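Here are my notebook entries on a structure I looked through today. Have it open beside you as you read.

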Amino acid sequence: MTATLSALAPVFGLILLGAVLRPIGPIGEDGWRALEQITYWLLLPALLVLKLGGTDLSAYEIGPMVTAMAGAVLIVTAFLVLVRRSTGIAAPAYTSVIQGAIRQNTYIGIAAAGPLYGPDGVALAAVGIAAVIPLGNVLAVWFLTRMIGDRPAGLGVVLKSMVRNPIIVACAVGIALNAGGIGLHPLLADGLDLLARGALALGLLAVGAGLRWTAIRSGWTALLLSNLLKLVAVPALTLALAGPLGLSGVALQVAVLFNALPSSASTYVFARALGGDHALMAAILTTQVAMAAVTLPLFIALVG
């Protein structure tokens with residue numbers, strides 16, 4: 001546990017630094033927004049292409065890892081569909097509950113995977129992103145449009161959201177380079193590496209700057225339901241599915257780590273753009289990061 005906490009301390013330290021700098025530092029709201037955008041659209045995609053396209057993952061149990069991660073997300077989604085009426089939560093708020101329960105913060109995941117599991121851990125974290133980020137995006141768009149709009153989004157709307165997502169595009173490019181045996185030219189790899197070095201530090205600072213403590217005012221039932229499912233149920237289900245699937249070693253550890261992460265900041269963008277309860281979404285995001293400082297080390301220690 002001590003080693004786990006030591007590995008995670010810099011990650012949460014940078015998040016805390018971002019939270020402190022936003023109100024008192026020289027970077028205004030427009031500056032934080034620009035930092036977040038360049039990280040999301042350029043630096044993190046460069047890291048994903050580098051890790052997925054330039055790492056030999058043949059020695060790892062990729063199939064069972066992807067199945068366990070996606071399976072846990074789908075089980076929790078099905079549970080939320082079944083209990084929706086009994087919760088009494090309004091539809092806009094319930095879409096935020098769903099998003100908070102099934103999506104992951106990639107910055108925290110990759111930043112934690114490196115010190116915990118080394119270079120292969122980062123590459124496997126990129127595999128985790130490729131496994132569940134597209135799934136989370138599809139489910140988020142579908143539920144937001146189905147529960148709030150007149151009808152669920154069609155295939156064209158879903159595909160458009162996927163094609164416009166730089167994380168999904170980067171994963172697709174990296175996987176294609178790897179699966180096709182093309183790999184990365186050394187010059188391209190060096191350039192991507194230079195870009196990738198800034199991704200995690202800036203991404204974590206942006207996570208901290210995006211926290212909104214004033215949003216935590218109401219909706220505690222919805223907030224706690226989303227947080228407990230995301231931070232406890234999803235990683236526990238991932239671990240439960242690992243045994244029957246034969247998942248073990250670093251692949252198991254990264255799968256549980258990634259599914260134990262707090263939700264992605266892009267959930268707030270989705271909620272605001274598609275009519276969800278964005279105030280509740282901000283509260284869920286903020287409290288999940290704080291709670292994950294406790295739950296994440298526990299699950300990491302549980303899987304060794």
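I began with Phe143, which counts as buried at 8% relative accessibility; buried means under 20% relative accessible area, exposed over 50%, and partly exposed in between, with a 1.4 Å probe and protein chains only. Before going on, I noted that this is a predicted model, where local features need pLDDT of at least 70, side-chain atom pairs count only at pLDDT 80 or more, and totals for chains, interfaces and linings use all residues. Residues are numbered from 1 along each chain as its sequence is written, and side-chain values use heavy atoms, with hydrogens and water left out.

Next, the rings. I found two aromatic pairs in the structure (rings of Phe, Tyr and Trp, the last by its six-membered ring, with centres within 6.5 Å; planes under 30 degrees apart are stacked, over 60 edge-to-face, the rest tilted). Tyr40 and Trp41 are edge-to-face, at 5.6 Å centre to centre with 90° between the planes. Trp142 and Phe143 have centres 5.2 Å apart and planes at 85°, so this pair is edge-to-face. Trp142 is partly exposed at 32%.

I also looked for a charge over a ring: the charged end of Arg103 sits over Phe270, 4.5 Å from the ring centre (the criterion is NZ of Lys or CZ of Arg within 6 Å of the centre and within 35 degrees of the ring normal).

Last, the whole chain. I read 13 helices and zero strands (DSSP runs, numbered from the N terminus: H or I of at least four residues for helices, E of at least two for strands). Buried residues make up 51% of the 304 residues.
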